[in-house]
Amino acid sequence: MASRSTKQPIMLIKETMALSLRVIVHIFIGSYHHHNTIKEAERLFGALDDALFSWPINFPGFPYYKAFKNRKKLEEIVKSIVEERKLMMIKNGSDEVTEKKDLVDILLEVEDVDGRKLKGEDIVSMLIVLFLAGHVTTAAALMWSVVYVTKNTLLFKKAKEEQEEILKSRPSSQKHLSVEEIKKMVYLTKVINEVLRIIHWAVPFFRKATTDVEINGYIIPKGWSVFIW
């Protein structure tokens with residue numbers, strides 16, 4: 001990132017948002033689709049972010065209005081992907097989707113206790129909601145992880161060594177990260193959990209008082225759960 005920045009400061013949150021956006025879109029719909037389709041979905045998903053905390057004014061020129069238009073376009077893209085995947089599964093059975101699976105495949109296959117499957121429009125809405133819930137928060141977690149690791153050289157050294165050891169033991173034929181490798185990231189998991197403990201980016205969240213705490217003359221007794229806005 002630094003080498004591409006032409007010696008200008010990097011807006012880290014923008015970089016981590018772009019990264020999390022690409023990863024999440026690929027996990028949701030990326031197994032079988034053309035690069036241009038993925039890029040357009042990324043662009044429309046990103047455009048929804050601006051309206052998350054904007055005034056709900058549905059009039060041209062306002063982020064809310066623009067987000068509605070982009071969401072309709074996004075719905076059409078995701079809907080076409082869902083319908084295409086349905087036809088693929090009907091035509092080829094489960095064999096076509098065993099090697100590569102994204103979230104669309106899983107949602108099309110899942111059934112409730114009565115054997116009923118999700119409707120196409122439900123899958124479209126679920127994908128959009130899951131994206132909005134996971135995209136910005138993932139980017140913020142990545143940003144703060146980088147900040148804390150950069151400030152602590154010992155922490156950085158230990159986390160880096162763990163990753164290098166995992167890479168050394170990887171077979172030459174393996175090209176991608178595996179679940180088994182993720183399970184070996186014991187120290188990195190502790191780093192991430194500590195970041196999540198210290199930093200919170202949701203508008204409201206809860207914390208439990210582990211001892212009596214005084215804030216602005218008010219006593220919060222030990223054991224109380226506090227709702228922080």
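Visitor: Which residues touch the most other members of the largest nonpolar core?

Guide: A nonpolar core is a set of buried Ala, Val, Leu, Ile, Met, Phe, Trp, Tyr and Cys residues joined through side-chain atoms within 4.5 Å; buried means under 20% relative accessible area, exposed over 50%, and partly exposed in between (1.4 Å probe, protein chains only). Here the largest core has 27 residues, and Ile29, Phe45, Leu74 and Leu127 touch the most other members. Two or more residues each come from helix 1, helix 2 (35-49), helix 3 (63-92), helix 4 (103-109) and helix 5 (120-151). Helix 3 gives the largest share, 7 residues. Helices are DSSP runs (H or I, at least four residues), numbered from the N terminus.

This is a predicted model: local features need pLDDT of at least 70, side-chain atom pairs count only at pLDDT 80 or more, and totals for chains, interfaces and linings use all residues. Residues are numbered from 1 along each chain as its sequence is written, and side-chain values use heavy atoms, with hydrogens and water left out.

Visitor: With which residues is Phe45 in contact, leaving aside its neighbours within four places in sequence?

Guide: Contact means heavy atoms within 4.5 Å. Phe45 is in contact with Leu21, Val25, Leu74, Ile128 and Phe131.

Visitor: Is Val23 buried or partly exposed?

Guide: Val23, in helix 1, is partly exposed, with a relative accessible area of 41%.

Visitor: Where does UniProt place the feature "transmembrane region"?

Guide: The unreviewed entry places this feature at residues 123-150; UniProt annotations may be inferred rather than shown by experiment. Over residues 123-150 the chain is 100% helix, with its end C-alpha atoms 40 Å apart.
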